[in-house]
Amino acid sequence: MRTALFLLLLLALASIPGSLVPQRSSDPNGVIQYFKDNPDRAAILDAVQAFDAYGSLWYSSIYLLLFISLIGCVLPRARHHWEAMRTAPPRTPSRLSRLPAHLTATMGASTDDALNSAQSLLRKAGYRVARYETPSGPSLSAERGYLRETGNLVFHLSLVGVLVAVAIGGLYGYSGQRVVIEQEGFANTQGAYDSFNPGRLFTPEMLPPYSLALNELAVTYETGNRNALGQPLDFTANVSVTGAQAESTSRTIRVNEPLEIAGADIFLLGNGYAPQITVRDPTGKTVFSDAVAFLPQDSNLTSLGVVKVPDGLEQQVGMLGFFYPTEATSTNGAKYSSFPDLIYPAMTLNVFTGDLGLDSGAPKSAYSLDTDSLTQLTGSETGTESLRLRPGDTVDLPQGLGTITLESVRRFASFDLSYDPAQDAVLLFAITATAGLLTSLFIPRRRLWIKATPADNGPLQMHYAGLARGDDPRLIDAVEKLREEHLTRMGENT
């Protein structure tokens, strides 16, 4: 038990690195950024698997040792408990007066009548009873509270069950994240997700075949309370789900109200705006037309986005810009959004030309633009103002590259898919662990004895005593209650 407790403490300490640095399983972009910001420290942390803390060799070793230790702790105790439950209550001590709870009484009944009545009373109260003969007279030995140890064993077995279930969930479970723009969707395949974190034993065949499309993302904001102006009140994603049989159904997903499909839960995590942008070359030919998700930077959804046009123009063009749902200008001339809803939407873009690095074969994030090797044409110190567009506007790109049009603005939703085949088992074991713990805390393990001392000339002398295993503040009350009920049953004055 001491080993198990030590390993449990060590496991808690080993979990700390997972909360101090980003994890590849949950925040891969954060890990990339950490390497950029702290390259030397990141290399050391990566060498000790700090970015994969919960799947690291050292964490798994502690986890496995804890599992083995708990089994080694529980099995011998379970065998001992089973043997103890089948063993008769212990013989009556020779000197009951030395026990912590001891009372006496006299009665005029016979020894057999007194003990038979007491035995019936004890069994009715849930005690296992055995009768013994002692030199000073016959006695009853009673014991109850084995459910306390049973609860303790259930608690520890449930902990083992939780560890096994969590391990199974980690091996066969998976999670994925995907940004979906209104009127678009995706198929449930591993490559369709923006990021996907499979378990060690995951296979692509485990993904159920279906597709999900975002019809509309409805958001309600606070407009009546000036102190909470712009606070979101409700997010509702209206989606269409098409299964393997091409049966399409309309469903809704809300925050904390996920959509369950084939045992997997789809959560609504975030939202933002996706301007529909069209880029044309000098002849008017469309070379780029797509809705681009801009990532929110504050509560009023001032959003940052990247547009990449690798083909169709004289040079590769990258644009880095901001979208403002309700454009406003601060006293120093900076643009910002004063409200998260589309009241006065506008977009500003800085234009860059050069090699975007898309032909190298290395993966590039769609939400970032490396400007170190690019030539900036607008904004900053170029002397040319940033492009500014409102929905429906068309403006010229610098150097006669073509034109850009902000066609419209759509919303996007960020979905998180989570599948854990053992989550029901974890819940069940958590419930049984709680029940076992409460049982072990509130049911006392208690032994009671009643001894009848016959007298040659005089009333029968009765001795009532009790002993508890562990702390039992109500032991004396239990002995007093037994004495009073016994005397009452025998028709004696209490």
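**Exercise 1. Salt bridges**

How many salt bridges does the structure hold, and which residues are linked in a network of them?

*Solution.* Start with the total: the structure holds 12 salt bridges, a salt bridge being a side-chain nitrogen of Lys or Arg within 4 Å of a carboxyl oxygen of Asp or Glu. Keep in mind that this is a predicted model, where local features need pLDDT of at least 70, side-chain atom pairs count only at pLDDT 80 or more, and totals for chains, interfaces and linings use all residues. Residues are numbered from 1 along each chain as its sequence is written, and side-chain values use heavy atoms, with hydrogens and water left out.

Next, pick out the network: Arg-128, Glu-143, Arg-445 and Arg-447 are linked by salt bridges. Helices (H or I, at least four residues) and strands (E, at least two) are DSSP runs, numbered from the N terminus.

Glu-143 also pairs with Arg-447, and here the closest N and O atoms are 2.7 Å apart. Arg-447 sits in strand 23 and Glu-143 in strand 3, so this bridge ties together parts that are 304 residues apart in sequence.

**Exercise 2. Buried or exposed?**

How do the relative accessible areas class Glu-143, Arg-128 and Arg-447?

*Solution.* Glu-143 has 1%, so Glu-143 is buried. Arg-128 has 27%, which makes Arg-128 partly exposed. Arg-447 has 23% and is partly exposed too.

**Exercise 3. Another bridge**

Which residue forms a salt bridge with Arg-388?

*Solution.* The partner is Glu-327, with the closest N and O atoms 2.5 Å apart. Now place the two: Arg-388 lies in strand 20 (residues 387–389) and Glu-327 in strand 16 (residues 327–329), so the bridge ties together parts that are 61 residues apart in sequence. Then check the cover: Arg-388 is partly exposed at 34% relative accessibility, while Glu-327 is buried at 11%.

**Exercise 4. Helix 6**

What covers the buried residues of helix 6?

*Solution.* First, size up the helix. Helix 6 (residues 111–124) has 14 residues and reaches 20 Å from its first C-alpha to its last. That is close to the 20 Å expected at 1.5 Å a residue (the expected span is 1.5 Å times one less than the number of residues).

Second, list the buried residues: Thr-111, Ala-114, Leu-115, Ser-117, Ala-118, Gln-119, Leu-121 and Leu-122. An α-helix has 3.6 residues a turn, so residues three or four places apart point the same way.

Third, find the cover. It includes strand 1 (101–107), strand 2 (128–134), strand 3 (137–144), strand 23 (445–453), strand 24 (460–469) and helix 9 (475–489). Just after helix 6, Gly-126 takes a positive phi of about 95 degrees.

**Exercise 5. The cores**

Which residues touch the most other members of the largest nonpolar core?

*Solution.* A nonpolar core is a set of buried Ala, Val, Leu, Ile, Met, Phe, Trp, Tyr and Cys residues joined through side-chain atoms within 4.5 Å. The largest has 52 residues, and Ile-277, Met-319 and Phe-415 touch the most other members. Take Met-319: leaving aside neighbours within four places in sequence, its contacts (heavy atoms within 4.5 Å) include Val-279, Val-307, Leu-349, Leu-397 and Ile-404. There's also a second, separate core of 23 residues, among them Ala-101, Ala-105, Ala-114 and Leu-460.

Terms used: Buried means under 20% relative accessible area, exposed over 50%, partly exposed in between (1.4 Å probe, protein chains only).
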